[in-house]
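Good morning, everyone, and thank you for making time.

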Amino acid sequence: MSIETLLSGESKNVEYKLAPPSRSINYTKTAVAFANGQGGCLVFGVEDQTLRVVGIAEDKVFTVMDSISDAIVNSCEPLIIPDITMHDVNGKTVIVAEIAPGLQRPYHIKSLGQEQGTFVRVAGTTRQADQPTIRELTIEGSNRSFDQVQCLGLSVTEKDIEALCASLTKTAKNNAEDPAKVKTVTEKQLLQWGVLAEQDGQLVPTNAYAILTGNTAVRSVVQCGVFKGTTKAVFVDRREFTGTPQELIEESYQYVLRNIHMGARFKGVYRQDVYEIPPDAIRELIVNAIVHRSYIDHSSIQIAIYDDRLEITSPGRLPLGQTIERMKQGYSKIRNEALASAFEYMGYIEHWGSGILRVLQEVRDAGLPEPEFLGGDTDLRINIYRNGSETGSDDGIVTGLRRDSLSDDGIVTGLRRDSLSDDGIAEETTSKTNAAPNATITVLPSQKERILDALRKNVSISISDAIRILGVQERQAQRILKSLIEEGSAVKIGAARATRYAEAKKRTEPHE
């Protein structure tokens, strides 16, 4: 690191000290934090607030260098050996103690013990590590992957293994261009990936097995929400999804598509749906969040939709050796080895490290600002800023419309998120340029299938349930339910506010 960079201000990797403090712990804990992270430099002889170079007295330079080295070597465990140098800055001497990223994590202050004495860098400050972070550091230090560690308290049978193999194979075939070329997953393959392990001659499930089967032994939750404005002050809608990774990906992906704007590009008499954010980029970021998150951290993946952006937050600090800059350059650092192997097999990951590059290219091609990458110390947050345009573009693209808001004949129906009033109550709106009396509302097969799935899982549902499941306005939900009743798939029970809907085959009552 050049002296110019060292003197450009405190950061995640640089901290200033005017002079060595009388209590060495004031800087040895920062040395520990650097060793537990990406490394860094302690610069002595610079005032942190003003960046004024004060320097160290020439007759004390070597004594100070020795005392800094002794304090770090004697106070930290495992052993940290700093590279200490002196530099001349405008005739004044500054001392730089460079700490390399450590491989024997977690590093801590001996006198405080591992639980109280482990520190990490967060947003340019030194902070005491919490238990999930210490566990993550321990896994890194042992050169293991958490998802390949045996899941304590969980057992597995041959039938369970066969079911998982069948599920993974089915997903791989569904995602493959040529399903015939997909090889069936076997027990041997699961062992090779680390989804299963052997202990005393018996097969045991790892944390990856729990995640891939949706078992609650390892927490795997995606929280989705729509917010009014640009902060989390006002909720419009919220959902929480649990289950297998395949279910989490599909549920959260569809949730985002239901709650962002969609327009249409017309080529002759044909219409092509165009979302304001490229769907492939959305899906890629969701997949990355699920496969690369820290499962030691019990927090949830959060997907937030604001008026100006889509925000995806993945729990856990970046893995050892990974940085945001390297990530954007296509460098891959796998945190969950077993999950990554399974995801690659299923077709969710094409080439490790290429996903973020594809997202950047797709967002760029859509004419949107480059995605924003934030954090990395405790979690990773990625923002894709939405297209603010709400009018027809010169190339014939209609923008500013919500998903499901275009009927097959090009008539605009439904609601935009912007049609929410200040108190969160929906107000029906219709595009002035496409308004038509008695416009036909399109019922999509995917919408009917979602309602049928809900009917199969519940004794009955209300109109409010249908609105929540579909993410549409009441008129649209009523039309879909009516369509299901007309085709004999559902029945209506009760009347007025007590009206509910059930799957037809579960009831013997005649249709109303």
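Predicted model: local features only at pLDDT ≥ 70, side-chain atom pairs only at ≥ 80, totals over all residues.

Residues are numbered from 1 along each chain as its sequence is written, and side-chain values use heavy atoms, with hydrogens and water left out.

Let me begin with the salt bridges, by which I mean a side-chain nitrogen of Lys or Arg within 4 Å of a carboxyl oxygen of Asp or Glu. In general, side chains of opposite charge can pair when their charged atoms come close. How many salt bridges does a search of the whole structure find? The search finds 16.

One of them joins Glu311 to Arg381, with 3.8 Å between the closest N and O atoms. This pair connects distant parts of the chain, 70 residues apart, since Glu311 sits in strand S16 (residues 309–315) and Arg381 in strand S18 (residues 379–385); strands here are DSSP runs of E with at least two residues, helices are runs of H or I with at least four, and both are numbered from the N terminus. Is Glu311 buried or exposed? Glu311 counts as buried, because its relative accessibility is 5%, whereas Arg381, at 27%, counts as partly exposed; the cut-offs are under 20% relative accessible area for buried, over 50% for exposed and partly exposed in between, with a 1.4 Å probe and protein chains only. Both residues also belong to a network of salt bridges that links them with Asp308 and Arg309.

A further bridge is formed by the side chains of Glu487 and Lys448, at 3.0 Å from N to O. Glu487 lies in the loop between helix H16 (474–486) and strand S20 (490–493), and Lys448 in helix H14 (residues 445–457), so this pair ties together parts that are 39 residues apart in sequence. Glu487 is partly exposed, with a relative accessible area of 42%.

Finally, the surface: Glu158, Glu162, Glu187 and Glu198 gather there in a patch of negative charge, where patches of like charge are made of residues with over 30% relative accessible area and no salt bridge, joined within 9 Å. Of these, Glu187 is found in helix H7 (residues 187–193), and Glu187 counts as partly exposed because its relative accessibility is 37%.

Conventions: Patch = residues over 30% accessible without salt bridge, like charges linked within 9 Å, V, L, I, M, F, W, Y side chains within 5 Å. Areas by Shrake-Rupley, 256 points an atom, 1.4 Å probe, with all protein chains shown as cover. Lys, Arg positive; Asp, Glu negative; His and termini not counted. Charge placed at Lys NZ, Arg CZ, Asp CG, Glu CD.
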